[in-house]
Amino acid sequence: MAEVIIVPSEQEAGRLVGDAIADLITDRPDAVLGLATGSTPLAVYRHLSDRVRRDGVDVSRVRGFALDEYVGLPAGHPESYRRVIEREVVEPVGFDPARIQVPHGDLEGIETAGERYEAAIREAGGIDLQILGIGRTGHIGFNEPGSSLASSTRVKTLTEETRADNARFFDSPEEVPMHCITQGIGTILRARHLVLLAFGAAKAEAVAAAVEGPVSTSAPGSAVQLHPHVTVVVDEAAAASLSQAPYYRHAWANKPAWQGI
Ligand code: PGA
C-alpha cells in the first residue's frame, strides 16, 4: 500500500519531500526527477532551493522531466509549463536548463511528441523520483478520468473542470488550452518512487479515491496503488476522507528512521 504521511502544513510537506530529494541528489548526483507544475509542489521546490543553497548540494548533473504541457500555446507564453518549470524550479534550485525536458506542446510535430518524450525518458534510464499533484477530477499529470492505466505520453483533451481550475493562471477562462500532452499513467508507474502531494479540503475526495478506492480508470490517481513505492503527503484537510487515517499516523509515528520515505 501507499505510505500516507499526514502533515500539519504545506511547509512541513515541503521540508519532508525537499529533504528526500536533496538526499537523493547527494547520493546520486545525476538523479532523474519527474517534475510537477501547479500550486501543490511549490513548497517542495522552495525547500529544495534552500537546502541546495545552505548545504551546497551539487545539482549540476540532475536531469528532469516535466509531467505535462499545454498544446498550442505560443512559444515563451508565461503559463506554458516550460516557462513555469523554468521560473519555479530550474531557476530557483539552480538546475542546468539543458538537462530539464518538458513535453513539446507545439502544434508542429505534435503527432510524434509523445513517442519522442518516452524515448528521452528511457534514454535517461527512467525517472528516479516522480513528484505528483492530484486534480479535483482525480487526474495525475493531465490523465483525466478514463485514461488507460497503461497509457504513455500522448495528447489528451482537458476536462472543463480542469480548465476552470487552471483559469486562475490565465487572463480569461477561454484562454486555457483545450488540449495537453501528458506523461501517461503507464509512464508515471515506471518511475521508481512516486511522491503524491495534496493540500486542502477540495482534494479530500480525490485523495481518498486514489489511496483507498478501487483501482479504476475513473479515478486515475488510484493507479498509484499498483506501484511498489509510493509516498502520499497530505495536510489534515486533504486527509479528511481517509478511513485508515489512524493507522497511517500510527505507522508514520513508529517508522524506523533508517527507512526514509
Ligand atoms: P494544483 O494542481 O497543484 O494547482 O492544485 C494539481 C493538479 O491539477 O494536478
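Reader: How far is an oxygen atom of the ligand from an N or O atom in the side chain of His139?

Author: This is a predicted model. In it, the distance from a ligand oxygen to an N or O atom of the His139 side chain is 2.6 Å.

Reader: Which atoms of Thr40 and Lys203 lie by an oxygen atom of the ligand?

Author: For Thr40, a polar side-chain atom lies 2.4 Å from a ligand oxygen. For Lys203, an N or O atom of the side chain is 2.6 Å from a ligand oxygen. The protein buries 83% of the 280 Å² that the ligand exposes when taken alone.

Reader: Which residues are around the ligand?

Author: They are Gly38, Ser39, Thr40, Gly133, Ile134, Gly135, His139, Arg168 and Lys203. Each has a heavy atom within 4 Å of the ligand, so each counts as near. By class, one is nonpolar, six are polar and two are charged.

Reader: What makes Asp128 and Arg28 a salt bridge?

Author: The cut-off is 4 Å from a Lys or Arg side-chain nitrogen to an Asp or Glu carboxyl oxygen. The closest N and O atoms of Asp128 and Arg28 are 2.6 Å apart, so the pair qualifies. Asp128 sits in the loop between helix 4 (110–123) and strand 6 (129–132). Arg28 sits in the loop between helix 1 (10–27) and strand 2 (32–35). The two are 100 residues apart, and the pair links distant parts of the chain. The structure holds 19 salt bridges.

Reader: How do you know that strand 1 pairs with strand 10?

Author: Pairing needs at least two bridges. Five bridges join strand 1 to strand 10 (residues 230–235), so they pair. They run parallel. Ile5 stands opposite Val233 in strand 10.

Reader: In what order do the seven strands form the open sheet?

Author: The order is 1-10-9-6-2-3-5, with parallel pairing. Strand 1 (3–7) and strand 5 (100–101) each have a single partner strand, so one side of each is left without a neighbour in the sheet.

Terms used: Residues numbered from 1 in each chain as written. Predicted model: local features only at pLDDT ≥ 70, side-chain atom pairs only at ≥ 80, totals over all residues. Heavy atoms only, no water. Helix = DSSP H or I, 4+ residues; strand = E, 2+ residues; numbered from the N terminus. Polar contact = N/O pair within 3.5 Å; in protein donor to acceptor, adjacent residues only side chain to side chain. Areas by Shrake-Rupley, 256 points an atom, 1.4 Å probe, with all protein chains shown as cover. Nonpolar A, V, L, I, M, F, W, Y, C, P; charged D, E, K, R; others polar.
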